[in-house]
Amino acid sequence: MRIDVLSIFPSYFDGLTLSLLGKAQATGIIDLRIRDLRDWTSDRHRTVDDTPYGGGAGMVMKPEPWGLALDDISEAAAATVAERPTIIFPSPAGEVFTQKTARDLATREHLIFGCGRYEGIDERVFEYAAERGDVRLISLGDYVLNGGEVATMAMIEAIGRLIPGVVGNPESLVEESHEDGLLEYPSYTKPASWRGRSVPDVLLSGNHAAIAAWRHEQQIERTRSRRPDLLDDTSPSS
Ligand SMILES: C[S@@+](CC[C@H](N)C(=O)[O-])C[C@H]1O[C@@H](n2cnc3c(N)ncnc32)[C@H](O)[C@@H]1O
C-alpha cells in the first residue's frame, strides 16, 4: 500500500519508522511518504494560512498549497498505482473512525492523508480533492485535537496492522477487541500467582473448550459493563 501524508509538521511521523510499521516499510509492504505542505507554497514565509472570510477567531488553511500538493501527489502516484486514491482529511466533524473503517481502508492501494491545523482547511479543498480521489472526512472521536497529525498516526497504525504481512501472527488480529463487536477477554502471563493474585483456574486447566467458553463469557461481561453501546449490534461486520 502507498500512503502519502501532507502536514506542516512532518517530524510528528518519525514514530512510524519504529516497530511493526517500520519493518513493513523496510520490507516494502507499506510505502509511506511524509510530505511538508509548505513545499507547495511560493512566498518567502511559506504561508499556509490566512484570516477567515466572515470573521471569527483563528486562521484557516489556504486552498492553493493543498491544490498543488494533491495535483503533484495524485499525478505522480498514477504512474505506479492503478486505483484512484482515497483522500482522508482527519476532522472532528467527520464520520467516526472504527475498526470497520480500518478494515475497509486496509484494502485500498493508495491513501492520502491531509492534516489540518488552525481552524481547519478551506472547504473548497474537499470539493477539489473529490475530483482527484474518494474523499473521506474522518474523526478520531468526539473531542478536538490541535491538528490532524495524531489522528493520522492513529489511523495509519490501525490500518497498517491489518495489511497482510505486517503483524507476524495473523491469528492475533482475529481475537482483538472490536473484531467481533466485543471487547477482548482478560489476558494473563507467568507467574500463576503474583502478589497474592492468582490466574483464573480455568486458564491452567488445559481444557481448550472450557477456556474458549470462559473467554467468551468474559468478553460479553466486560463489554456489558464497559461498553454497553456495542451490544446493540454484535454482528462481525459492525
Ligand atoms: C483545532 S482543529 C479544527 C477544528 C474545527 N475548527 C472544528 O471545530 O471542527 C485542527 C485540525 O485538527 C484535526 N482534528 C481535530 N480534532 C480531530 C478529531 N477529533 N479527529 C480527527 N482530526 C481532528 C483536524 O485535522 C482539524 O482540521
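## Backbone details

Pro191 sits in the loop between α6 (171-174) and β8 (193-194). Helices (H or I, at least four residues) and strands (E, at least two) are DSSP runs, numbered from the N terminus. The model is predicted, so local features need pLDDT of at least 70 and side-chain atom pairs count only at pLDDT 80 or more, while totals for chains, interfaces and linings use all residues. Residues are numbered from 1 along each chain as its sequence is written, and side-chain values use heavy atoms, with hydrogens and water left out.

Lys190 and Pro191 are joined by a cis peptide bond, with omega about 5°. The loop between α6 and β8 also holds His178. The phi of His178 is near 80°, a positive value in a residue other than glycine. Arg46, in the loop between β2 (31-36) and β3 (49-50), is another residue other than glycine with a positive phi, near 55°.

The table gives relative accessible areas. Buried means under 20%, exposed over 50%, and partly exposed in between (1.4 Å probe, protein chains only).

| Residue | Relative accessible area | Class |
|---|---|---|
| Arg46 | 33% | partly exposed |
| Leu140 | 26% | partly exposed |
| Leu145 | 36% | partly exposed |
| His178 | 30% | partly exposed |

## The largest pocket

The largest pocket has a volume of about 450 Å³. On a 1 Å grid over the protein atoms alone, a pocket is an open set of points where a 1.4 Å probe fits, with protein on both sides within 12 Å along at least five of seven lines; lining residues have an atom within 4 Å of a point. Grid points are joined across faces, edges and corners, and the volume is the space filled by probe spheres set on the points.

This pocket is lined by 24 residues, and Pro90, Ser91, Pro92, Glu119 and Gly120 lie nearest its centre. β5 (86-96) supplies the largest share of the lining, four residues. β5 and β7 each give at least two.

An unreviewed UniProt entry lists Gly116, Leu140, Gly141, Asp142, Tyr143, Val144 and Leu145 under "binding site". From this set, Gly116, Leu140, Gly141, Tyr143, Val144 and Leu145 are in the lining of the largest pocket. UniProt positions are in the numbering used here, feature names are shortened, and annotations may be inferred rather than shown by experiment.

Leu140 is in the loop between β7 (134-139) and α5 (149-160), and Leu145 lies in the loop between β7 and α5 as well. Contact means heavy atoms within 4.5 Å. Leaving aside neighbours within four places in sequence, Leu140 is in contact with Leu145, Val150, Ala151, Ala154 and Met155.

## Nonpolar cores

In soluble globular proteins, nonpolar side chains tend to be buried together. A nonpolar core is a set of buried Ala, Val, Leu, Ile, Met, Phe, Trp, Tyr and Cys residues joined through side-chain atoms within 4.5 Å. In this model the largest such core has 29 residues, and Ile3, Phe113 and Ile159 have the most contacts inside it. At least two residues each come from β1 (2-7), α1 (19-26), α3 (99-105), β6 (110-114) and α5. The most, six residues, come from α5. A second, separate core of 17 residues includes Leu37, Met61, Ala69 and Leu70.
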